[in-house]
Amino acid sequence: MFSIIKAAVGGLTALCRVNGHQQGLLHGHLKVLAAGLNTRDIPPDHSDVVLPDRRKLKFVNKMPNFKNAKKEMKNLKDIQGPATAANAFTKGEFAIVAMGGGYLHWGHIEMIRLTINRKMDPKTTFARWRVNGPYKPVTRKGLGMRMGGGKGAIDQYVTPVRYGRFIVEVGGKVELGEIQRIMTEVAQKLPFKAKVFSRASLAAFQKKHADMEQNNQNPWTFKEITLGNMLGIRKVLSPKDLCHNGRFAGKFHLPWRV
């Protein structure tokens with residue numbers, strides 16, 4: 001059918017050129033017809049995607065259900081280094097990944113829940129938590145109290161997050177372009193750096209860092225310097241630095257160090 005139309009259009013165009021009508025009415029219509037014959041990409045097939053019964057993020061309690069709440073020390077080790085849990089995809093295709101350590105307050109968790117639940121379409125999309133509810137107590141003394149007298153009362157509970165931890169996982173019959181704006185809005189409001197990844201982009205990101213380490217031509221890496229104890233550097237290094245080869249400075253990740 002298209003070949004017949006193309007042959008007819010070609011014959012009419014040639015006839016117009018012979019008669020000297022290069023910019024006539026017929027020529028303008030022929031240009032519109034030729035410009036309309038475009039090829040489009042085939043839409044993705046989501047027939048194998050199974051949506052769960054509960055597709056929205058559930059409400060998270062403001063404090064844990066402890067019978068006897070105990071005070072704890074600050075202990076910043078729980079936000080240092082890479083995450084050892086919830087650092088890979090399970091059922092979703094897109095996720096908000098922490099690019100540094102920090103603490104999530106209940107207000108942040110509620111902001112994530114309200115933003116995603118209000119703006120996503122539950123008919124085609126589902127979301128699930130990858131972090132626990134607030135469980136670490138944070139103490140605080142009242143305004144105007146004198147120093148001393150022991151540790152203050154528990155003020156709130158927070159959730160520690162490490163580098164590489166998934167915050168929220170999203171999936172369904174959607175593409176990244178449809179959900180990226182909502183997830184980016186959430187990631188920019190978190191108290192630490194976070195980024196939106198898909199399965200493919202996360203695999204490419206991890207492969208890039210692996211290639212950087214494998215193709216490094218500098219023989220004086222952090223690992224070699226610490227193993228040789230050059231200039232007595234081990235005096236000023238912590239066990240965390242030796243374990244992670246200097247890739248982390250406290251809760252911050254140093255991506256350029258291999």
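**Salt bridges in a predicted model**

At 14% relative accessibility, E110 counts as buried, a term that here means under 20% relative accessible area, with exposed meaning over 50% and partly exposed lying in between (1.4 Å probe, protein chains only). The model is predicted, so local features need pLDDT of at least 70 and side-chain atom pairs count only at pLDDT 80 or more, while totals for chains, interfaces and linings use all residues. Residues are numbered from 1 along each chain as its sequence is written, and side-chain values use heavy atoms, with hydrogens and water left out.

The side chain of E110 meets that of R113 in a salt bridge (2.5 Å, N to O), the term standing for a side-chain nitrogen of Lys or Arg within 4 Å of a carboxyl oxygen of Asp or Glu. Because E110 and R113 are three residues apart in helix 3 (residues 106–119), about one helical turn separates them; helices (H or I, at least four residues) and strands (E, at least two) are DSSP runs, numbered from the N terminus. R113 is buried as well, with a relative accessible area of 16%.

A second pair joins R130 and E169, whose side chains meet in a salt bridge (2.6 Å, N to O). R130 lies in the loop between strand 3 (125–129) and strand 4 (136–140) and E169 in strand 6 (residues 166–172), so this pair ties together parts 39 residues apart in sequence. Both R130 and E169 are buried.

The structure holds nine salt bridges, among them one between E93 and R199 (3.4 Å, N to O). E93 is partly exposed at 35% relative accessible area, and R199 is partly exposed at 34%.
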